[in-house]
Amino acid sequence: GKVAGLDDEPVTPVTFPSEVSAELTEVEMEAMESGADIQTFQSRYQHVEPDLMAILPYRTLLAHGGSLKGIVVMTGEGGADGVDNRRLARQLSDRFGLMIFSGEADGTYIYNASDTFSYSGVPNIAIPLIISIFIVLNTMIGSVYERKREIGIYTSVGLAPSHVSFLFIAESMAFAVLSVVLGYLVAQVSASLFAETPLWAGITVNYSSLAGVGAMILVMLVVLISVIYPSKVAADIAIPDVNRAWTLPAPENGTLSIQFPFLMKRGEQASMAGFLLEYFRDHRDISHGRFSTGSAVMEQGCAAASAERPDDPECLVIRVRVWLAPFDFGIMQSTALRFRPDPENPGYVSVEADIERESGEESTWVRLNRPFLHELRKQLLLWRSMDAEAHRRYAEVAGEEKEKGTGGQRDKGTEGQRRGE
C-alpha cells in the first residue's frame with residue numbers, strides 16, 4: 001500500500017499537468033479560430049506511482065543532477081532520543097521560513113513563520129513624548145503672541161483667519177522635517193565616529209530599519225499635535241469678533257454693498273485701479289471662467305467720500321457691467337468699485353463694491369456673487385505681491401485713463417457752452 005506522510009499525502013513526488021503540451025480538441029480549435037475566449041482547466045497535481053520511483057541516497061541524487069523535494073526528520077519514537085519536536089519545529093520554521101509538519105503526541109501540527117511587528121519599551125518613552133509636546137506647545141504659543149503685529153498685517157492685506165492659522169501649521173511642518181533630517185544625519189555621523197570605540201562596543205546600527213522610520217514619523221506627529229492649539233490662537237487674533245468666515249451681506253433694493261478687508265496707502269490706489277481695470281478688460285466677451293465683462297471705465301471722484309471733501313479727487317471709481325457664470329441663468333449686474341479714504345485709518349484707502357442687479361433671479365444672483373467676490377479678493381492679494389516696477393506700470397495705466405476721462409468731460413462742457421450760446 002501507499003505510505004502517507006504527516007500531511008496525509010503520499011510521500012512520493014508529485015507531477016503537475018502541462019498546459020502547453022496538452023492537445024486541443026476540435027471544438028477548442030474552432031473556438032480559438034472564431035476569437036472566442038477559452039477557459040483552460042488545470043487538474044490537481046498527481047503523485048508518482050511507487051512502481052515508477054527509485055529510492056537513492058541523497059548524495060547520489062544530487063551528484064547526478066537531481067533536486068531535493070522534501071525532507072523527513074525522524075527524531076525517534078516518542079522523543080526517546082531527547083529531541084523535543086515542538087522546539088525543533090519552531091527553530092526550523094524560523095531558520096528556513098518554510099511550512100513544517102510536526103507529529104507530536106497529541107496530533108499533527110503545522111508550523112509556519114511569518115513577518116510580525118513587536119513593540120517594546122513604549123511606556124518608557126511616553127513621559128518624554130508628553131514633555132516634548134508641552135515644550136513645542138509653549139514655544140509655538142510664545143511665537144504666536146510675539147508676532148501679533150505681523151498677524152495684524154496679514155489681516156490688513158486680506159488674509160482670512162484660516163490662512164493665518166495655516167501659516168503656523170506650515171511653519172511647524174517645516175521644523176518637523178528639518179529636525180527629522182538633521183537627527184538622522186547626526187545619528188549617522190555619530191555612528192561612523194564612535195563605531196570603533198569602547199563607548200559603542202557591541203552596538204549594531206541599522207539605518208534602514210522600520211524602527212527608525214517609526215521614530216521619524218513619531219517626531220513629526222509630536223510637532224503637528226503641538227501646533228493645533230497655537231494655530232487656533234493665531235486665528236482668533238487675526239479676527240477679533242466671533243465671525244470666523246466672511247459672510248455676504250443681504251441685498252437691499254437689488255443692491256449689494258461690500259467693503260473688502262483690504263487697506264492701501266493713498267498713493268497706491270492708482271496702481272490698484274489700473275491693475276483691476278486691466279483685469280476686467282481681460283474678461284471682455286469671453287465664454288468661460290466665472291464671469292464675463294462688458295466695457296470697463298474709470299472715473300475720478302465719488303460722492304460722499306468724506307465729510308470734509310465730498311468730491312475727493314483722489315477717490316477713484318471703476319464701473320463695469322458683469323455677466324456671471326453659468327451664463328445660461330442670465331445674471332447681469334452693474335459693478336462699481338470705489339476707492340475711499342478709510343475713516344478709521346487716516347492716510348489709508350479702503351475698497352468698496354456696489355453691485356446692482358439688472359437681470360436674473362435674485363437668490364441665484366446672490367449665490368453666484370460669492371465666487372465672483374472671492375476672485376476679486378484674490379486679485380487684491382495678487383496685486384500686493386507684485387514688485388515696484390509692476391505697481392508703477394499699472395499707475396501709468398490709471399493715469400492714462402484719467403486723462404481720457406478728463407478730456408471727455410472737457411469736450412462735453414465745451415459742447416454744452418456752444419449749445420447755450
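Predicted model: local features only at pLDDT ≥ 70, side-chain atom pairs only at ≥ 80, totals over all residues.

Colleague: Which residues in α6 meet residues in α7?

Modeller: From α6 come S172, M173, A176, V177, S179, V180 and Y184, and they meet M216, V219, M220, V223 and L224 of α7. Sorted by class, this contact has ten nonpolar residues, two polar ones and no charged ones.

Colleague: At what angle do helix α6 and helix α7 pack?

Modeller: Helix α6 (residues 161–194) and helix α7 (residues 210–226) pack at about 150 degrees, and their axes lie 9 Å apart. Angles over 145 degrees count as roughly antiparallel, and α6 and α7 are therefore roughly antiparallel to each other. The crossing of α6 past α7 is right-handed.

Colleague: Now the sheet, please. In what order do the five strands come?

Modeller: First the general idea: strands of a sheet pair through backbone hydrogen bonds, either parallel or antiparallel. Here the order is β5-β9-β8-β7-β6, in an open sheet with antiparallel pairing. At the edges are β5 (255–265) and β6 (291–300), each pairing on one side only. On average, neighbouring strands of this sheet are turned by 20 degrees against each other, direction ignored.

Colleague: How many bridges link β6 and β7?

Modeller: Eight bridges, in the antiparallel sense, with β7 covering residues 316–324. Within this region, S292 stands opposite W323 in β7.

Colleague: And which strands does helix α10 touch?

Modeller: Helix α10 (residues 362–384) packs on the sheet and touches β5, β6, β7, β8 and β9. Its direction makes about 10 degrees with that of β5.

Definitions and conventions. Residues numbered from 1 in each chain as written. Heavy atoms only, no water. Pairing = 2+ DSSP bridges. Helix = DSSP H or I, 4+ residues; strand = E, 2+ residues; numbered from the N terminus. Axes fitted to C-alpha atoms, helices over the stretch in contact; angles between N-to-C directions. Contact = heavy atoms within 4.5 Å. Parallel < 35°, antiparallel > 145°, perpendicular 65-115°, else oblique. Left-handed = near helix turned anticlockwise from the far one by under 90°. Nonpolar A, V, L, I, M, F, W, Y, C, P; charged D, E, K, R; others polar.
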